[in-house]
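Please keep the sequence and the model in view while reading.

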Amino acid sequence: MPTISSNKPYRVGRSRTGLGLFATKPIKKGTKIIRYFGPLLDSKKKDEDAIENKYLFELTNRWTIDGSIRENVARYINHACRPNAESDVRPRKRKVFIRAIKDIEPGDEISYDYGTDYFKAYLKPIGCKCDACEKKRKKKRAEARAERVRLKERAERKAQRKAEKLAEERARQRKAKKAAKANGKLANGTALNGKHLNGHSLINTAGRKAASSKRGTARALQA
Ligand SMILES: [Zn+2]
């Protein structure tokens, strides 16, 4: 394990997805952090080609590193869509190093992009939990929440307008009904009076109910 010394700038720690590798010292951009290593698998050998795990690192068409061994501390490094490190692959030497592509501060989780194939096979189905994707999800959730609030407020305003309109309509109907009732009474009164009452009371009734109506009085007089 050539890159792991006593003053290594990282440690294994708890991360969002389980375990991860965290910087314990500042790591300058461009620095080799750790080697990703393990037995080399030869795809030409049937039994080696059949090996399947999450820690396989394909070097070439023929050679793959099986990084699932415990000693390979680099296997703790999680994937990130916007990582602070990268895998530096040396196919001819059959070696892989993880190298900082940003200045990394103590406490930062070290990450690199696992690549499209891994992402599609392992991360897309469960949803990538990296910082960038979490932030995106958070933003989307916040937007969805804001949209729900907006829709609710709009519905409430609409309901309020509807209620107001209905109240206005009812008030109008009540007014109209009252007016119609008043007219109806007058008309009924006239008819009844015409039939059953003598002339004098007829004039009085009509005169009282429609005091300003000359026509009413005239009609009443005619009747
Ligand atoms: Zn991601």
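## Overall make-up and confidence

Two residues are in contact if their C-beta atoms, placed from the backbone, lie within 7 Å. On that basis, among contacts in this chain between residues at least 6 apart in sequence, 62% join residues at least 24 apart. The model is a predicted one, and its secondary structure comes to five helices and ten strands. Of the 223 residues in the chain, 18% are buried.

The mean pLDDT of the chain is 86, with 80% of the residues reaching 70 or more. Over residues 210-214 the pLDDT is below 50, and this stretch has two contacts in the model beyond near neighbours in sequence. For residues 216-223 the pLDDT likewise stays under 50, while the model shows 13 contacts beyond four places in sequence for them.

## The hairpin of β1 and β2

Strand β1, which covers residues 10-15, pairs with β2 in the antiparallel sense over six bridges. The two strands form a hairpin, and two residues lie between them. Within this pairing, Tyr10 has Ala23 of β2 as its bridge partner.

Tyr10 also has contacts that reach other parts of the chain: leaving aside its neighbours within four places in sequence, Tyr10 is in contact with Leu21, Phe22, Ala23, Thr24, Ile33, Ile34 and Ile110.

## The largest nonpolar core

Which residues touch the most other members of the largest nonpolar core? In this set of 22 residues, they are Tyr10, Ile33, Tyr36, Ile98 and Ile110. The elements that give two or more residues to the core are β2 (18-23), β3 (32-36), β9 (95-100) and β10 (109-112), and β9 gives the most, with four residues. In soluble globular proteins, nonpolar side chains tend to be buried together.

## A three-stranded open sheet

Three strands form an open sheet in the order β4-β6-β5, with antiparallel pairing. Because β4 (40-42) and β5 (56-58) stand at the edges and each has a single partner strand, one side of each is left without a neighbour in the sheet. From one strand to the next, the twist averages 35°.

The pairing of β5 with β6, the strand of residues 63-66, is antiparallel and is made through three bridges. In this pairing Glu58 has Thr64 in β6 as its bridge partner.

Arg94 is placed in the loop between β8 (85-90) and β9. Its phi is near 55°, a positive value in a residue other than glycine.

Asp131 lies in helix α3, which covers residues 131-196. With 15 other C-beta atoms within 10 Å, Asp131 is partly exposed. Although Asp131 and Pro83 are 48 residues apart along the chain, their C-alpha atoms are separated by 9.1 Å.

Notes:
Residues are numbered from 1 along each chain as its sequence is written. A nonpolar core is a set of buried Ala, Val, Leu, Ile, Met, Phe, Trp, Tyr and Cys residues joined through C-beta atoms within 7 Å. A residue is buried if 20 or more other C-beta atoms lie within 10 Å of its own, exposed if 12 or fewer, and partly exposed in between; C-beta atoms are placed from the backbone. Two strands pair if DSSP finds at least two bridges between them. Axes are lines fitted to C-alpha atoms, for helices over the stretch in contact, and angles run from 0 to 180 degrees between N-to-C directions. pLDDT is the predictor's confidence in each residue, from 0 to 100.
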